[in-house]
Structures are given as structure tokens and as C-alpha cells.
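Take a walk through this fold with the model open beside you. Start at a strand, move to a helix, then finish with the rings.

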Amino acid sequence: MKNGTISLYTFHLARTFNDPLDRVSEEKAKIFGEELQTRLTQQISLNNELITRLLHDTYFTDLTFSSPDKIDLIPDEIDRFNPSQFLPQNIQNINAAIGQTTSIGQTIFIYVKVAYKIEANRDLADSYVRNFLKDTPYKNDKITASNESNLLGIPLFEYFCHTPAISNTQEPVCHILVLLNYEDKKAVKKLVDCYKDIVELLCSYHKIKFVYQQADVSYQAAVKVSQEIAKEIDNFVLYVADKNNNLDKLSEMLDKLPLLALKHSNYCGELEFSLTTIEINHQIYKNYLQKLLSEGSQLDSWQKFSDRTRDIFLKQIQYWLNYMSPRKELGQQLTASIQTIVEIEQVKSDRNLQTTIAVVAVGIGFAGVAATASPYLIKQIPDQKLTLIPVHFQPSFGLNPPHNLTLSVLFSLGAGIVGVAIAARVIRYIQKHQKSRIARIVNFILGNSQPQ
């Protein structure tokens, strides 16, 4: 094996949909790449070369390390590249320290020139990868290439490595590509000429995977909100069935539902955005894949990923959207139903209050008339002394004669009670016979709309 290189391709989302367009630029991509280079080279004392690009809304960084002494790079000596610094966890930590970007994925390229064509085989590629990862959390003796392909005529071996506890730790997969080239200068020239195509394809690849993972998160969040709305629907059904209900419970629901409906609509919007983003990047991926295939590449696994995007990722997100669409309106519909009931209950309450006021007003009217007529109905005794105590003890025990004012008050109070009773009976009659002539007259007087 002759001298080789290790290249780290990183892709960082520099701008979201809500960010201004001028947030990203080629200059900012370069600054970001230089900061990444500075931090990595503090741990990796090898010659390196940096290439940065702004790919749409993504910062691309290619940091290639090579051995300074030009000696043959055998698998057992690959640890000189300090492999742990290339791993996704370390790059994410650096990204967090730099800030303002989101890592959407990375690919490690191991490029080695072999002395004999027969050496460009899977066993050698496996050996490089196992030694590269032997002192890292990704150590795994069962690491093997997914398939054997060629990139522009150079044998290509692709690896998806993960930690043994990936299901528990959710650590990202380490994507490694191994190129074993046997003195094929034409292939090397093609590799240089198609560099941009390879980078664009890998950018779309990582973005598709990243966006699909985000879509899964949005879907799970939407399901959770749907369940909360479903609970409110159950509470609403119980409320309607309860004859002793009150408006306080409905008020609590009205406080919750608009926010839940907004959250659910937002998560569904994120799913729609994810679907569109993957569709666009899938088309970009297919275009660049076709260009590489037309140059003589054999990339079965990359073609399978394209098929998987079409048959699984896109269909799965569309299924999530179809599943969520009927539920997207539930929160709004429930809110509208509650508001209708609240309005009805409020109208009933207003009518009851209006009826009470009318009944009391009649009673007051009766009392007023009685008070006015009392001087004519009750004999007036001039200079009568007002006594608060109804009994006397001197000269003997007996009752004090009631004062004219007392009799007038009692007479007015009695008349008011009679007026209230009559008014209440008339109102009940009107409510039971709303189409009667007397009901229409009274409703007109009270300002109520007449029933049709």
C-alpha cells in the first residue's frame, strides 16, 4: 500500500427557512471551515488541506489529512490519524462550540493507493475500517462493507458503523467510504473532475436522512398533541352528558384548545415542509447520481438509497400527513363547538337574568302602587307615636297598636310579593306558549325576538 489520505466531509445547515437569506455566504462558509480546521488540527498533527463551499443553505467542509513522510499507509498504522477526532460526536461538539449551525451529517473518505490490483478487495477495506475504529466507541469486529462498487472506476467500499448501544444512546451512524486505487491515473483525473458532483450528491444524501429524522420527530410530536386534543374531546362529551354542568369547565377547555390546535397545525406544517425538502433533494441526488453512472461508475448502494427515498421516506411522510390531516381540524372544530355552547348558555343566562329583572320590576311596581294607595286605605292617626317594640308592660302586658308607617310598609311588601308571584306565573305561561298573543306582546315589551 502506498501513501494514502483521509478526508472528512462535513455538512452543516447554516440557514433555516425562517432565517434571512443574507445569513449565509461563501465567506461565512470559509470562516466556519477554518474554525473547524483549527480545532481539529490541534489534535491531528498531519499535513492537511481545506476546501469550503456554500451548497445552497449548507456549509460544506472538506478537510483532507495526509501522512507527511510519504511512507506506505498500512491498516495497522492508520491510528496516526487520531481517528476519534473524525467521529460524529467530536464534530458535533466542535460545531456546538462554534455555534449557529446544525450538523446534518458527515462522510469519512479513506483513500489508499495499492501496489497490486488484487489488493483492492473487501478484506483490505474492512481491515482499514476496523483499525480506524478500534479505539473508539464504534469498535466492532463484525464491520463489513455493504457492497462492492466502483466510483469512476476506483473500487469503492461503503460502511455504516454504529456503537453497540446505538439504540439506547442514539449516537449517529459513522459513514465511511474506502477507495482502493491501483495506479489508475484516468480514474484519478475523473475523480478530480467530478469532485463537485460527488459533494453535491453526498450533501443531498445527508440532507434527505436528516430531514426524514426531523419529520419523524414532528410526527411524534403531532401524535402527542392529537392525543391531548382527544382527551379534551372526551371531556367535552362528558360535559355535554352532565346535566349539572357549568361554564367553568368549558372556559378551561377554551384556554387549552387554541394552543393545542396551533401546535398541531405547526407540526403538520413541518411535515409538509419536510416532504417538499426531501422531494427536491431526491431530484438533486438522482441527477448527480446519473452523472456519475454515465462516467462509468457502478454504485448499486447509492441507487438503492434513491429507491428507498422514493419508496419509503417520501411515502412514509405522505402517510403521516394523510393520517394527521383529519385530526388537524379537530382542535378548531372542538373550539367552535364549545364557543357555540358558551354562547347559547350565555343567551340563556341573559334571558334568565332579564326574566328575573322583569319579575322583580313587576313586584316593585305593585309595591309602589300599594305604597301610594296605603294612605287612602289605612286609617291615619295624627301624632301617633312610633314604637319599635310591638309589646308593652305598663300599665299591664299588651300589644302596642301598629304605626301607620308599619302598616304601609307591610302592605307594600305584601303587594310586591303578590306582584312577583303573578309575574312569575305569567312568564312561565309565556315560556310554555311562546306563540300565543300575550307571549308576543310581552316579548315585544321586553325587547326579545319573537319566535317564528
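Buried means under 20% relative accessible area, exposed over 50%, and partly exposed in between, with a 1.4 Å probe and protein chains only. The model is predicted: local features need pLDDT of at least 70, side-chain atom pairs need 80 or more, and totals for chains, interfaces and linings use all residues. Residues are numbered from 1 along each chain as its sequence is written, and side-chain values use heavy atoms, leaving out hydrogens and water.

Go to Leu179 in strand 7 (residues 174-181). Helices (H or I, at least four residues) and strands (E, at least two) are DSSP runs, numbered from the N terminus. Leu179 has a relative accessible area of 3%, so it counts as buried. Beyond four places in sequence, its contacts (heavy atoms within 4.5 Å) include Phe109, Tyr111, Leu151 and Leu191. Its C-alpha lies 8.1 Å from that of Ala125, 54 residues away along the chain.

Ala125 is one of the buried residues of helix 3, among them also Leu124, Tyr128 and Phe132. The buried residues of this helix pack against strand 1 (4-13), strand 4 (102-113), strand 6 (154-161) and strand 7.

Now the rings. Rings of Phe, Tyr and Trp (its six-membered ring) pair if their centres lie within 6.5 Å; planes under 30 degrees apart are stacked, over 60 edge-to-face, the rest tilted. The structure holds 14 aromatic pairs. Tyr212 and Trp320 are stacked, at 5.8 Å centre to centre and 20° between planes. They sit 108 residues apart, Tyr212 in helix 6 (residues 195-241) and Trp320 in helix 8 (residues 300-328). Both are buried.
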